[in-house]
Amino acid sequence: MNPRMQPVPEAPEMTAAQEAELARIRGMIVPGRACGTCTLCCKVLSVPGYEHPPGEWCRFCLPGKGCGIYQTRPYTCRGHYCEWMISKGLGPEWKPDKAKFVLFGSNAGRRLTAHVDPGYPSAWRRSPYYENLKAWAAQAVQKTPEMHLIDVMIRDYTIIILPDRDVEVGVVAADELVTLDKRMTAAGNVVEVRKIKAGTQPHSGAVDK
Ligand code: SF4
Ligand code: SF4
């Protein structure tokens with residue numbers, strides 16, 4: 001069946017609390033910012049209920065135009081804005097359809113992920129992006145009590161950005177965590193990255209999938 005011919009979902013019924021939450025989130029948008037022709041989050045992220053393989057377009061997306069079911073799109077889509085939309089400090093070069101990746105914060109601000117368009121898998125390595133990711137990583141490992149995390153995802157392949165190196169942890173399964181731990185060495189603090197089964201040990205900094 002042609003995915004475009006699938007039935008259009010009905011508009012979600014929202015509670016007063018959800019309406020208030022959407023109003024709060026819309027209030028975070030930097031004045032003058034709009035998605036315009038960008039639709040990249042509809043490719044690199046999956047919406048609960050409309051899951052699609054990471055890196056492939058949502059079946060309702062009209063790439064470069066917008067959401068094909070805008071009026072009835074699910075609640076999750078209505079409340080999701082990328083960092084470019086809500087962070088004043090990110091200039092026009094960070095707009096996802098130009099950068100070729102989408103910055104999203106998660107884990108209550110403890111994780112910042114660059115979700116990369118698989119059509120441009122090295123986009124995050126270009127200037128000015130890579131040096132900024134490195135600078136943010138340097139700040140992230142100084143956070144207490146838990147280190148924060150800067151990472152890159154290409155489809156479901158994860159790369160942890162640290163101040164001194166990048167660590168490819170690969171695919172993180174649903175029952176796994178990535179942990180960060182600081183270890184004192186003669187050369188100073190070294191951050192160790194490990195992928196572990198969830199619940200196997202306490203950790204000083206951890207990131208769910
Ligand atoms: S990635 Fe950001 S700018 Fe692009 S469509 Fe999504 S929210 Fe809008
Ligand atoms: S339903 Fe619309 S807004 Fe949501 S991911 Fe699909 S195309 Fe994007």
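The shell around ligand 1 consists of Cys35, Cys38, Thr39, Leu40, Cys41, Tyr81, Cys82, Trp84, Met85, Pro96 and Val102. A residue is counted as near a molecule or strand if its C-beta atom, placed from the backbone, lies within 6 Å of it. This is a predicted model, in which local features need pLDDT of at least 70 and side-chain atom pairs count only at pLDDT 80 or more, while totals for chains, interfaces and linings use all residues. Residues are numbered from 1 along each chain as its sequence is written, and chains are lettered from A and ligands numbered from 1 in the order in which they are written.

By class, the shell around ligand 1 holds 10 nonpolar residues, one polar residue and no charged residues. Here Ala, Val, Leu, Ile, Met, Phe, Trp, Tyr, Cys and Pro count as nonpolar, Asp, Glu, Lys and Arg as charged, and the others, Gly among them, as polar. Ligand 1 lies between domain 1 (1-14 + 34-80) and domain 2 (82-209), because both domains give residues to its shell.

The chain is divided into domain 1 (1-14 + 34-80) and domain 2 (82-209). Nine residues from domain 1 and 10 residues from domain 2 take part in the contact. On the side of domain 1 that touches domain 2, six residues are nonpolar, two are polar and one is charged. The domain bounds come from an automatic or database domain assignment, and two residues are in contact if their C-beta atoms, placed from the backbone, lie within 7 Å.

Ligand 2 has 10 residues around it, of which Cys42, Cys58, Cys61, Cys67 and Cys77 come nearest. The shell of ligand 2 divides into nine nonpolar residues, no polar residues and one charged residue.

## The chain as a whole

Six helices and 10 strands are found in the chain. Helices (H or I, at least four residues) and strands (E, at least two) are DSSP runs, numbered from the N terminus. The C-alpha atoms fill a box of roughly 60 × 35 × 35 Å, taken along the principal axes.

Of the 209 residues, 25% count as buried. A residue is buried if 20 or more other C-beta atoms lie within 10 Å of its own, exposed if 12 or fewer, and partly exposed in between, with C-beta atoms placed from the backbone. Among the contacts with a separation of 6 or more, 49% join residues 24 or more positions apart.

## The hairpin of β8 and β9

Strands β8 and β9 (residues 188-197) pair in the antiparallel sense over 10 bridges. Two strands pair if DSSP finds at least two bridges between them. The two strands form a hairpin with two residues between them. Leucine 180 has valine 193 in β9 as its bridge partner, and lysine 182 stands opposite valine 191 in β9. In a regular strand the side chains alternate between the two faces of the sheet.

Valine 172 occupies the loop between β7 (166-171) and β8 (176-185). Valine 172 is partly exposed, because 18 other C-beta atoms lie within 10 Å. From C-alpha to C-alpha, valine 172 and threonine 158 are 7.3 Å apart in space, although they are 14 residues apart in sequence.

## Backbone features in the loops

Proline 128 lies in the loop between β4 (111-116) and α6 (129-140), and the peptide bond from serine 127 to proline 128 is cis, with omega near 5°. Proline 145 is placed in the loop between α6 and β5 (149-154). The peptide bond from threonine 144 to proline 145 is cis, with omega near 0°.

Lysine 100, in the loop between α5 (96-99) and β3 (101-106), has phi near 75°, a positive value in a residue other than glycine. Lysine 100 is buried, since 20 other C-beta atoms lie within 10 Å. Asparagine 107, in the loop between β3 and β4, has a positive phi near 50° and is likewise a residue other than glycine. Asparagine 107 is partly exposed, with 14 other C-beta atoms within 10 Å.
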